[in-house]
Amino acid sequence: IRKMTSLEVLGLIFILIGVLCKTVYIVSKAKSGEYKPGGELIFLFSGLLIFLSGLYLRSYPQNFINPLYLIITGLILKTIFIIKFIYLVRSNTNVKIRKTL
């Protein structure tokens, strides 16, 4: 989108909206009791930090590390969190269904 339009901030706005949506969803699931936060949040926070660092460093020339590696690593960590989160929420829902039957 950034390359198609002259608005360079639009991509960052979409990323921030995505982070906000994920945060609201996770908090709502935690408040309802369907999700109990645990160690998997480390994957999310470290993934976000590494991903955003890679995006930031992309605009500066780097000799030490390629920012693309940071972006890919961050996306992988966020994906691991999402898979683990879905597994935990679904397994918790299945346990509640079994208890009600």
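My notes go from the ground rules to the fold, then to rings, charges and surface.

**Ground rules.** I am working with a predicted model, where local features need pLDDT of at least 70, side-chain atom pairs count only at pLDDT 80 or more, and totals for chains, interfaces and linings use all residues. Residues are numbered from 1 along each chain as its sequence is written, and side-chain values use heavy atoms, with hydrogens and water left out.

**Fold.** I looked up the secondary structure and found three helices and zero strands. I took helices (H or I, at least four residues) and strands (E, at least two) as DSSP runs, numbered from the N terminus. Read from the N terminus on, the elements go α-α-α.

I then checked burial: 19% of the 101 residues count as buried. My terms here are buried for under 20% relative accessible area, exposed for over 50%, and partly exposed in between (1.4 Å probe, protein chains only).

For contacts (heavy atoms within 4.5 Å), I looked at residues at least 6 apart in sequence, and 66% of those contacts join residues at least 24 apart. One spacing I noted is that of lysine 22 and isoleucine 82: 60 residues apart along the chain, they have C-alpha atoms separated by 9.7 Å. Lysine 22 sits in helix α1 and is partly exposed, at a relative accessible area of 28%.

**Rings.** How many aromatic pairs does the structure hold? I found four. Rings of Phe, Tyr and Trp (its six-membered ring) pair if their centres lie within 6.5 Å; planes under 30 degrees apart count as stacked, over 60 as edge-to-face and the rest as tilted.

I picked out tyrosine 35 with phenylalanine 85, which is edge-to-face at 4.7 Å centre to centre and 70° between the planes. Tyrosine 35 is in the loop between α1 and α2 (41–57) and phenylalanine 85 is in helix α3 (residues 67–100), so this pair ties together parts 50 residues apart in sequence. Both tyrosine 35 and phenylalanine 85 came up as buried. Ring pairs also link Tyr25, Tyr35, Phe81 and Phe85 into a cluster.

**Charges.** I searched for salt bridges (a side-chain nitrogen of Lys or Arg within 4 Å of a carboxyl oxygen of Asp or Glu) and the count came to one. Which residue forms a salt bridge with glutamate 34? My answer is lysine 29, with the closest N and O atoms 2.9 Å apart.

Is lysine 29 buried or exposed? Lysine 29 is buried, because its relative accessible area is 15%, whereas glutamate 34 is partly exposed at 25%. Lysine 29 lies in helix α1. Leaving out residues up to four places away in sequence, lysine 29 touches Glu34, Tyr35 and Phe85.

I also found lysine 78 over the face of phenylalanine 51, at 4.6 Å from the ring centre. For a charge over a ring, I required NZ of Lys or CZ of Arg within 6 Å of the ring centre and within 35 degrees of the ring normal.

**Surface.** Accessible areas come from the Shrake-Rupley method with a 1.4 Å probe; for residues, only the protein chains shown count as cover. The accessible surface comes to about 7700 Å², of which 71% belongs to carbon and sulfur atoms.

I noted a nonpolar patch on the surface formed by Val9, Leu12, Ile13, Phe14, Leu16 and Ile17, with about 540 Å² of accessible area together. Patches are made of residues with over 30% relative accessible area and no salt bridge, where like charges are joined within 9 Å and nonpolar side chains (Val, Leu, Ile, Met, Phe, Trp, Tyr) within 5 Å. I looked up leucine 12 on its own too: it is in helix α1 (residues 9–32) and is partly exposed, with a relative accessible area of 44%.
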